[in-house]
Amino acid sequence: MGAGLRIIKSVLGSLALVVVLYLAAAGLGAGLATNSGREPPARGVRIYVADNGVHTDLILPAAAFRDFARPEHLRDPRAAAAPYLAFGWGDRDFYLHTAQWRDVNPWRVARALVGAGSTVLHVAHVPEPRAGGRVRALLLRPDEYRRLVAYVRGTVATGPVVRGYGARDAFYSAKGGYSAIRTCNEWTGRGLREAGVPMGIWTPLPWGVMLWL
C-alpha cells in the first residue's frame, strides 16, 4: 500500500512539474515577439480576435471566403449573408463533440493534447463584433490581410463538411495536427505572425495571443 502511494505521489509530482514547465515555456514564448517594429496603419482592413478564456478565433470579413464557406453548408442558409466569419482550428473529435463546457470529456482532451486525431476548421457566420473585453480589433494593411487570408484558406483540406452546433456554423476538414505544442491558440498566433502583426513566437494559450493585441 505504501509503495503504491509513493508511486502515485511520484506520478502526480511529475505531472505537476510538466505543467509548470509548460506554463513557463508558454509565458516565455508569448513574451518574445516577432514583428515588433510594425507601425499600425491609420486605415486598412478591420479584423477581430475573440477569446473565450480557453480558445481564440480569428474573425475576418466574409467576402474573401464566399467560395468555400457556402450557404448550403448551414442549417439556415440565410445566415451566410453575415458580413464576418469566425475561424477556429482544432482537434476534430474534441470540436465536434464539445458544443458546451458541460460536454468536455477528459479522454477527448487527453487524445487532443497528444495529437492522436485529425483536425477541423470551425467557421461561424457572424455579424461584425464590437471590440471590448475579450474581443480585440486590429487594422491590417492590404498585403497583411492577403497573407492572413492565404493562411486561413491554406488550412482547409479536402474532405466532408459537417454542419455545426447551430444554424450558422459548419466544420471543414483541416490540415495539420493538433497537440499541446500546436494548439488552437498557436494556430491563431501563427496566422497573425505570418500576416506581420506583433505576436509572441509561441502562443499555445489564449492570453499569449491577446497580450499583443
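Visitor: Hi! Is T98 buried or exposed?
Guide: T98 is buried, because its relative accessible area is 11% and the cut-off for buried is under 20%. Keep in mind that this is a predicted model.

Visitor: Where does T98 lie in the chain?
Guide: T98 is in the loop that runs between α2 and α3, the latter covering 106–113.

Visitor: And what does T98 touch?
Guide: Not counting residues up to four places away in sequence, T98 touches D103, V104 and Y165.

Visitor: Let's zoom out. How many helices and strands are there?
Guide: The chain has six helices and nine strands. Its C-alpha atoms fill a box of roughly 65 × 45 × 30 Å along the principal axes.

Visitor: How much of the chain is buried?
Guide: Buried residues account for 42% of the 213. As for contacts between residues at least 6 apart in sequence, 74% of them join residues at least 24 apart.

Visitor: On to the inside, then. Which residues of the largest nonpolar core touch the most other members?
Guide: Those are L60, F65, F87, L148, V152 and L192, out of 36 residues in that core. Helix α4, residues 142–155, gives the most to this core, with five residues.

Visitor: What is L60 in contact with?
Guide: Leaving aside neighbours within four places in sequence, L60 contacts I47, F65, P83, Y84, L85, F87, Y145, L148 and V152.

Visitor: I like aromatics. How many aromatic pairs are in the whole structure?
Guide: A search of the whole structure turns up nine. One of them is F65 with F87: the ring centres are 4.7 Å apart and the planes are at 55 degrees, so this pair is tilted.

Visitor: Where do F65 and F87 sit in the chain?
Guide: F65 is in the loop between β3 (56–61) and β4 (84–91), while F87 is in strand β4 itself, so to speak 22 residues along, and the pair links distant parts of the chain.

Visitor: Are those two buried or exposed?
Guide: F65 counts as buried, at 0% relative accessibility, and F87 is buried at 0% too. F65 and F87 also belong to one aromatic cluster with F68 and Y172.

Visitor: What kind of pair do Y95 and F171 form?
Guide: Y95 and F171 are edge-to-face, with 5.4 Å centre to centre and 65 degrees between the planes. Y95 is in helix α2 (residues 92–96) and F171 is in strand β8 (residues 169–174), so the pair ties together parts 76 residues apart in sequence. Both Y95 and F171 are buried.

Visitor: Which charged end sits over the ring of W89?
Guide: The charged end of R182 does, 4.8 Å from the centre of the W89 ring.

Visitor: Last topic, helix α5. What span should its twelve residues have?
Guide: At 1.5 Å a residue, α5 (residues 184–195) should span 16 Å, and its end C-alpha atoms are 17 Å apart, which agrees.

Visitor: Is α5 mostly covered or mostly exposed?
Guide: Mostly covered, with ten of its twelve residues buried. The buried ones include W187, L192 and R193.

Visitor: What follows α5?
Guide: G196 does, and its phi is positive, near 110 degrees.

Terms used. Residues numbered from 1 in each chain as written. Predicted model: local features only at pLDDT ≥ 70, side-chain atom pairs only at ≥ 80, totals over all residues. Heavy atoms only, no water. Phe/Tyr/Trp six-rings, centres within 6.5 Å; stacked < 30°, edge-to-face > 60°. Helix = DSSP H or I, 4+ residues; strand = E, 2+ residues; numbered from the N terminus. Buried < 20%, exposed > 50% of the residue type's maximum accessible area, 1.4 Å probe, protein only. Lys NZ or Arg CZ within 6 Å of the ring centre and 35° of its normal. Core = buried A, V, L, I, M, F, W, Y, C linked by side-chain atoms within 4.5 Å. Contact = heavy atoms within 4.5 Å. Expected span 1.5 Å × (residues − 1).
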